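Here is a short note on the pockets of this model. Please keep the structure open while you read.

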Amino acid sequence: MDKNFQEELTQIIKFQPPLYKQRHQFVKDLVEKYKPKKVADLGCADCSLLWMLKFCSCIEVLAGLDICANVMREKMHTLSPLPVDYLQPSERSLTITLHHGSVAHKDPCMLGFDLVTCIELIEHLEESELKKFPEVVFGFMAPSIVVISTPNSEFNPLLSRVMLYRHPDHKFEWSQAQFQSWALETARCYNYSVEFTGVGHPPTGMEKVGFCTQIGVFVRKYPQTGESVQSEKPTEAVYKTVFKAVYPSLKDEKYLQNAVISEVIFTAQIIKYRLMSKREEYGDDPERKSKFQPSMDCFSDYLGKLVVEKNMEPFVSGNEVYIPLKTIFAFPKVNRLCGTFEKLCKLIAGKVTLSSDGSAVMFNIEHEEN
């Protein structure tokens, strides 16, 4: 390569979006493709990848592991549920846990994961740790998919201010051939296949240099039996848990009940409001009033398409408005939350004012009309 051309390239190569975001997006795309329920990020550092993954609806368990507890503690608050998560619980469950420990050690808390990510991790490992790493990840943890990214040393001459390694803590940086040789041997030993790709494209005409970050995607060839995992399971935990968050979920009866009660009251209030508006419009004229049949099209476009039975019609009796539970159950969101009419009745029992026979939500409008 011409020296002047090389110096020019070191000044103009700038990745958009930044390289770390491209690595994270690569993982997110993989998650959206394979829909893993349990994901572990080894070498999670500032938890930024975990933060991105917590929004993936397929994931129910997220775990992070890092040798530096202080770095995790600085950012772990970003993984905590927000007030809106309690106001609008998700339909899925989500638990996030951070552990302090080394990837060279086995711990039973890291068993059962579908996807394990090791983003810019292996180059930080000492030689002794790197030797143990494949057995821990591929032999012991044995997830369905492992993603490993690491710097491509062949790209370094194109980067400004890189003398030997890209980071002072790096113990090595591999060429494409070195990484692929290690990855293929690891895959062969533990019955995985591996495909190579990367992020951070080289300049046009220099494709042989390869990606700035090289990536290996390992896929386990055969399902691992429960017996083989159990036989290797350590008797004691070696990692220290530094953070755990359990997000509110509609799978939890407490949050489901709160959501159903809120939705039932909200729906009933809308129906009551529209019913009273119609009542005011027709006034006390018996002839005009008889023409008003409170059909479902008065309440929503959706319910207008339903066949309405007589016992589903809201009605006013004296100072009280009655909204049949069957009417409320017909609303899509209430129906989806409860699943069955019996479940609806169970969840709101004692929490919502009902008619004497328990068939309708009841409102007293005496004070509203004064």
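1. Start with the residue classes. Ala, Val, Leu, Ile, Met, Phe, Trp, Tyr, Cys and Pro count as nonpolar, Asp, Glu, Lys and Arg as charged, and the others, Gly among them, as polar. By these classes, the lining of the largest pocket has 17 nonpolar, 10 polar and 12 charged residues.

2. The model is predicted: local features need pLDDT of at least 70, side-chain atom pairs count only at pLDDT 80 or more, and totals for chains, interfaces and linings use all residues. Residues are numbered from 1 along each chain as its sequence is written, and side-chain values use heavy atoms, with hydrogens and water left out.

3. The largest pocket holds about 990 Å³ of space. A pocket is an open set of points on a 1 Å grid over the protein atoms alone, where a 1.4 Å probe fits, with protein on both sides within 12 Å along at least five of seven lines; lining residues have an atom within 4 Å of a point. The volume is the space filled by probe spheres set on the points, which are joined across faces, edges and corners.

4. Which element gives the most to the lining of the largest pocket? Helix H2 does, with 4 residues. Helices (H or I, at least four residues) are DSSP runs, numbered from the N terminus.

5. The second largest pocket has a volume of about 290 Å³. Its lining has 14 residues, and Leu87, Gln88, Pro89, Ala259 and Lys333 are the closest to its centre. H9 gives the most to this lining, with 5 residues.

Technical notes:
Helix = DSSP H or I, 4+ residues; strand = E, 2+ residues; numbered from the N terminus.
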